[in-house]
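Please open the structure in a viewer and keep the selection panel at hand.

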Amino acid sequence: MISTVVFVAGSMAIVWLSRRSLLHPSSHGFSRFFAFEAILALGVLNAPHWFVHPFGARQLLSWLLLVVSIVLVVSGVVLLRRFGRSRPTTEEAPVFEWENTESLVTTGVFRYVRHPMYSSLLFLTWGALLKSMSITTLVLASVATLALAATAKVEEGENVARFGQEYRDYMKRTRRFVPFVL
């Protein structure tokens, strides 16, 4: 019962935060909504297993992925807010003001990864999956991963439209999610 309440409350919050994106299916926020929902479901399903066998190899790997997730999201948000020069958005705009930047940020973690916040969500997804793996949780992790890949792809198109050749060049020298790998 508690799991259901947490999932419904979390979903309501995600729907409210995503309300503008959900009205614009071609925006990157549309597919991001589905990633958030899959991650929420994965977290709720695996919540009872987060501290079972805390020093097992799978749990230690899980915690490593979760810590990396926190580092990526914090550093990405700080850099975007500091160097991105946010532009005001309208109430109808499908993006948040802090992600609607005038400047392309290419320092810090952005020097290696184009989407550190989505990388963070990927690490969160797979870290949560490792807490307890089943067919259901594997499907949820796969849905989240595919939704985040789609989100990044759409956002890259938006960024090419906004920043032009500067973003194309940036894409050539960085990876989408994992430095030097992916």
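**Stop 1: Y170 and its surroundings**

Select Y170 and display its surroundings: apart from neighbours within four places in sequence, Y170 is in contact with L104, V105, T106, F110, V113 and R114. The model is a predicted one. Y170 belongs to helix α6, which spans residues 165-173. Is Y170 buried or exposed? Its relative accessibility is 2%, so Y170 counts as buried.

**Stop 2: the nonpolar cores**

Next, select L42, Y118, L121, L140, L148 and F177. These are the residues with the most contacts inside the largest nonpolar core, which has 19 residues. Colour the helices α2 (28-46), α4 (116-131) and α5 (135-163), each of which supplies at least two residues of this core. Which helix gives the largest share? That share, six residues, comes from α5.

Within this region, centre the view on L121. Setting aside neighbours within four places in sequence, L121 is in contact with F36, I39 and L148.

**Stop 3**

Now select F30, F33 and F34, which ring pairs link into a cluster. The count of aromatic pairs in the model comes to five. One of them is F30 with F34, an edge-to-face pair with 5.4 Å between centres and 70° between planes. Both residues lie in helix α2, four residues apart, or about one turn of the helix. The ring centres of F33 and F34 are 5.0 Å apart and their planes stand at 80°, so this pair is edge-to-face as well.

F33 is buried, with a relative accessible area of 11%. F30 counts as partly exposed at 25% relative accessibility, and F34 likewise counts as partly exposed, at 39%.

**Stop 3: a nonpolar surface patch**

I70 is located in helix α3, residues 57-83. With a relative accessible area of 54%, I70 is exposed, because the threshold for that class is over 50%.

Note on methods
Residues numbered from 1 in each chain as written. Predicted model: local features only at pLDDT ≥ 70, side-chain atom pairs only at ≥ 80, totals over all residues. Heavy atoms only, no water. Buried < 20%, exposed > 50% of the residue type's maximum accessible area, 1.4 Å probe, protein only. Core = buried A, V, L, I, M, F, W, Y, C linked by side-chain atoms within 4.5 Å. Contact = heavy atoms within 4.5 Å. Phe/Tyr/Trp six-rings, centres within 6.5 Å; stacked < 30°, edge-to-face > 60°.
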